[in-house]
Amino acid sequence: MATTSRLRLGLIGAGTISELHVAAARRLGSRVEIVAVCDVRTEAAEKVAAEAGARAYPGHLPMIEAGGLDAVVVTVPHALHAPITLDAAAAGLHVLVEKPIATTRADAVRMIEACARAGVLCAVGHVLRFVPTLRSAADYLRSRELGEVVVAAERRTSDYADTDRPRWFLDAQMAGGGIVLNVGTHSIDKLQMLVGSPVVRVTGHVAGSGAVEVETEAVALLEHESGVRATLSVTGTGLPFTDETEIVCERGALRISRGDGVWSYSGGVATQVAASERGEMALAFAAQLSDFARACLGGGVPEVTGEYGLSVLDTALALYASARSGGTVDVKETR
């Protein structure tokens with residue numbers, strides 16, 4: 001179990017995201033210490049371990065068996081989230097697993113139940129929850145300055161032809177899906193955060209270029225428990241980068257844009273609610289890791305629990321089910 005003042009952390013996976021966790025731990029000073037890094041790619045593990053001042057291992061089992069850990073961060077291909085989380089929980093380690101929590105509901109439930117039985121935390125890396133501008137937008141909407149939310153729209157692009165993208169992203173079995181599970185889960189989380197209500201029904205459609213085995217395009221109409229309807233569009237083919245959300249309320253609207261920050265529009269007047277901060281994602285990863293450390297060290301609950309991560313996965317799976325059937329799917333039907 002964790003010591004009272006310092007979380008001893010192991011990184012499972014040594015890709016780009018693990019480097020963001022190393023930087024986040026560095027921001028937190030002595031509160032979090034990365035003591036081990038593992039990856040089946042030995043050179044990658046050694047590189048990240050050197051950056052963190054940690055020891056490198058060729059796999060998660062040797063790293064866990066070596067001891068000296070309180071928690072792990074799981075940053076591996078989606079299909080590996082479940083078996084690795086089960087191994088960590090069996091060893092009594094807290095787990096922060098990157099989103100999506102898993103590729104199937106059954107795996108996600110097994111992960112949550114295993115952590116509960118072992119008395120350890122299961123947190124999910126929905127890092128957008130910690131982006132400063134998005135937190136400011138959510139706070140502003142909760143203030144009801146513009147009244148209740150009426151409708152919402154979320155649009156995001158991501159280049160699936162990017163040669164720097166790991167090849168497993170295009171492997172249907174390893175990734176569990178395409179742009180819906182990779183990018184769309186960020187968008188689902190963002191909408192649930194800003195609307196302030198979970199998604200309960202989905203009408204969706206997915207498509208692909210045919211050159212890869214996973215979908216690269218998705219559109220959906222989401223119905224939230226509050227009755228608010230939201231549109232979601234994620235595309236991976238050729239368009240310039242876009243990351244925008246529009247929330248229409250009773251007395252105006254809010255626009256959240258990566259780069260432009262948060263703007264309120266009411267009565268013909270535009271007001272900046274929050275400016276984008278330099279290095280927002282680095283700040284978000286640090287805030288996420290700080291929250292995880294707080295929960296581990298203090299016996300609390302992380303802001304993004306396994307159960308919440310499951311709600312996002314359920315919505316993504318409902319989108320896939322709707323695309324297959326051509327009709328509207330209740331999220332609870334995926335359970």
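## Basis of the model

Helices (H or I, at least four residues) and strands (E, at least two) are DSSP runs, numbered from the N terminus. This is a predicted model, in which local features need pLDDT of at least 70, side-chain atom pairs count only at pLDDT 80 or more, and totals for chains, interfaces and linings use all residues. Residues are numbered from 1 along each chain as its sequence is written, and side-chain values use heavy atoms, with hydrogens and water left out.

## Annotated span

An unreviewed UniProt entry lists residues 135–255 as "domain: GFO/IDH/MocA-like oxidoreductase"; such annotations may be inferred rather than shown by experiment. This span is 24% helix and 36% strand, and its end C-alpha atoms lie 13 Å apart.

## The open sheet

Nine strands form an open sheet of mixed pairing, in the order E14-E13-E12-E11-E7-E10-E9-E8-E15; two strands pair if DSSP finds at least two bridges between them. At the edges, strand E14 (269–274) and strand E15 (329–330) each pair on one side only.

Strand E8 (residues 199–207) runs antiparallel to strand E9 (residues 217–224), and eight bridges join them. Gly-204 has Ala-220 in E9 as its bridge partner.

Helix H10 (residues 306–325) packs on the sheet and touches E8, E9 and E15, contact meaning heavy atoms within 4.5 Å. The direction of H10 makes about 55° with that of E8; axes are lines fitted to C-alpha atoms, for helices over the stretch in contact, and angles run from 0 to 180 degrees between N-to-C directions.

## Thr-42

Thr-42 lies in helix H2 (residues 42–52). The C-alpha atoms of Thr-42 and Ala-253 are separated by 50 Å, the two residues being 211 residues apart along the chain.
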